[in-house]
Amino acid sequence: MKRFGLYSILLVAFMICSAFTMKKGDTKNVYMVGVSASFSDSLIYFTDVQLVDSVELDANKLLPQRQQYSYQLKTYLEAKTGMTNRTCFIYFDTKKNKLEKTIKKMKADYQKDGKSIIRQVDPEFKFTKAETYE
């Protein structure tokens, strides 16, 4: 019985200490790549892998305000190339190597058919942290 009481006290103490060390809204560095495609032409644009720091992923490990990052790329390409009606996608991960592997596979798939032309977006384009609206 004494051991049960001792174990109970240790368990409660451990739980209290664990609760204080947990961080709510853990912010991590997030790496992103933007991809722009159109159904009416064969040009596929890719950005470089970029680091966007201080981004807080939600409970499902999804990037909040993803549409803002897509919009940043879309408006940049419209202003620089004059191409409208492009669909922009954002790929992200907290691990740069994993993201690079995904993008490498995607580029290989586009090049496999021989009909797509892959171009890099000008390196001056940089994603900026999206505003959170509450």
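**Group meeting talk: cores and rings**

Okay, let's start with the aromatics: Tyr69, Tyr76, Phe125 and Phe127 are linked into a cluster by ring pairs. Keep in mind that this is a predicted model.

In total we get four aromatic pairs. Take Phe46 and Tyr110: their ring centres are 6.4 Å apart and the planes sit at 70°, so we call that one edge-to-face. Phe46 is in strand β2 and Tyr110 is in helix α3, residues 96-112, so this pair ties together parts that are 64 residues apart in sequence. Now, are those two buried or exposed? Phe46 is buried, at 0% relative accessible area, while Tyr110 is partly exposed, at 25%.

The next pair is Tyr69 with Phe127, with centres 6.1 Å apart and planes at 80°, so that's edge-to-face too. Tyr69 is in helix α2, and Phe127 is in the segment after β5 (117-120), so here the pair ties together parts 58 residues apart in sequence. Tyr69 counts as buried at 1% relative accessibility, and Phe127 counts as buried at 7%.

The charged end of Lys107 sits over the Phe46 ring, 5.0 Å from the ring centre.

In soluble globular proteins, nonpolar side chains tend to be buried together. Here the largest nonpolar core has 17 residues, and Met32, Tyr69, Leu73, Val121 and Phe127 have the most contacts inside it. Which elements give two or more residues to it? Those are β1 (27-37), β2 (43-46), β3 (50-56), α2 (66-81) and β4 (87-93). Helix α2 gives the most, with four residues. There's also another core, apart from that one, with nine residues, including Tyr31, Val35, Ile44 and Phe46.

Leaving out residues up to four places away in sequence, Leu73 touches Gly34, Val35, Ser36, Thr47, Cys88, Val121, Phe125 and Phe127.

Gly34, from that list, is in strand β1 and counts as buried, at 0% relative accessibility. With the sequence neighbours up to four places away left out again, Gly34 touches Tyr45, Phe46, Thr47, Leu73, Phe89, Ile90 and Phe127. Gly34 and Tyr45 are 11 residues apart in sequence, and their C-alphas are 8.0 Å apart.

Last one: Ser70, in helix α2. Beyond four places away in sequence, Ser70 touches Cys88, Phe89 and Ile90.

Methods:
Residues are numbered from 1 along each chain as its sequence is written. Side-chain values use heavy atoms; hydrogens and water are left out. A nonpolar core is a set of buried Ala, Val, Leu, Ile, Met, Phe, Trp, Tyr and Cys residues joined through side-chain atoms within 4.5 Å. Buried means under 20% relative accessible area, exposed over 50%, partly exposed in between (1.4 Å probe, protein chains only). Contact means heavy atoms within 4.5 Å. Rings of Phe, Tyr and Trp (its six-membered ring) pair if their centres lie within 6.5 Å; planes under 30 degrees apart count as stacked, over 60 as edge-to-face and the rest as tilted. A charge sits over a ring if NZ of Lys or CZ of Arg is within 6 Å of the ring centre and within 35 degrees of the ring normal.
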